[in-house]
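Please open the structure in your viewer and keep the selection tool at hand. The tour moves from one selection to the next and says what is there.

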Amino acid sequence: MSRIVYVNGVYVPEEQAKVSVFDRAFLFGDAIYEVTAVLGGRLVDFDAHLARLDRSLMEIALEHSLNHEGLREIHTELIALNHVDEGIVYLEISRGPAERDFAYPESPAPTVVAFTQTRPLLDNPYATTGVKIVTIPDLRWKRRDIKSTAMLAQAMGKQAAKLKGAYEAWMVEDGFVTEGTSSSAFILDVEGVLRTQPLGSHILPGVTRRAVLRLAKQEGLRGEERPFTIEEALSAREAFMTAASAFVLPIVEIDGRPIGDGRPGPIARAFRGLYIEEARRS
């Protein structure tokens, strides 16, 4: 049975879904997207994703006609139509089709598309084994806080990691880790402090990142939004990554060198469990 996707107000089989070749998402990456996890057929942290979507759209002066209720209806309808129990919903809003010109069109007609992907989130084998990562230079533009579809640098980084047999790549700028190609970066340093980059235009404000910092405070673990170097990561007690579709995954190796004893650490495992428990409750 064909997957049903949403395109500009219509639910259609994926084979019939079409977007103009003049769409600015295709020509310029002039679009914003969000990925929301689905557990038990229900959306996880959706309000936070909507808030980040609003912020990204505002930053690029892109308006559309759907309110939060309308976006929620699209997501829940796609979940129902495609019988998704566990997986993700991808949403993209572009400035729409227009004659190719770098300047924004005067009267844009935004394109809104969404689709589901069924995938195992709870029984992710990497939660048990941990993941290996590599480090690469951060080659991205300066507005990484905007969740834009212009992600060639991240795709190049992910491919570099794949070719080296790693799961993810951490990007490094001015000697400090910024974030992963599709994740937020955390370490538990030698003093037992949970550290991650502070928010700013240099990183994406991760939804799961925010939840983990809140859970750390709730659990009485000292957390600091303070940059760290690769050397600090290599000497850390633990390292882990967070992402909407991965939750929390332990990192056991960086650039071929083990972190801690080379096995998933107790803090990473605990936060994965806490996040999933909270997601199920909500």
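## Stops along the chain

Select F247, which lies in strand 14 (residues 247-254). Helices (H or I, at least four residues) and strands (E, at least two) are DSSP runs, numbered from the N terminus. This is a predicted model, in which local features need pLDDT of at least 70, side-chain atom pairs count only at pLDDT 80 or more, and totals for chains, interfaces and linings use all residues. Residues are numbered from 1 along each chain as its sequence is written, and side-chain values use heavy atoms, with hydrogens and water left out.

Stay on F247 and look at its backbone. Its phi is positive, about 60°, although F247 is not a glycine. Is F247 buried or exposed? F247 counts as buried because its relative accessibility is 0%. Buried means under 20% relative accessible area, exposed means over 50%, and partly exposed is in between (1.4 Å probe, protein chains only).

Next, select D45 in the loop between strand 4 (42-43) and helix 2 (46-59). D45 also has a positive phi, near 55°, and is a residue other than glycine. With 24% relative accessibility, D45 counts as partly exposed.

### Salt bridges

Now turn to charged side chains. A salt bridge is a side-chain nitrogen of Lys or Arg within 4 Å of a carboxyl oxygen of Asp or Glu. How many salt bridges does a search of the whole structure find? The search finds 23.

Select D189 and R195, whose side chains meet in a salt bridge at 3.4 Å, N to O. D189 is buried, because its relative accessible area is 5%. R195 has a relative accessible area of 3%, so R195 is buried.

Move on to E278 and R214. They form a salt bridge in which the closest N and O atoms are 2.8 Å apart. This pair links distant parts of the chain: E278 is in helix 8 (residues 266-281) and R214 is in helix 6 (residues 207-218), 64 residues apart. E278 counts as buried because its relative accessibility is 17%. R214, with a relative accessible area of 39%, is partly exposed.

For the last stop, select D138, R140, K142, R144, E173 and E179 together. Salt bridges that share partners join these six residues, D138, R140, K142, R144, E173 and E179, into one network. Within the selection, look at D138 and R140, which form a salt bridge with the closest N and O atoms 2.8 Å apart. D138 and R140 are both buried.
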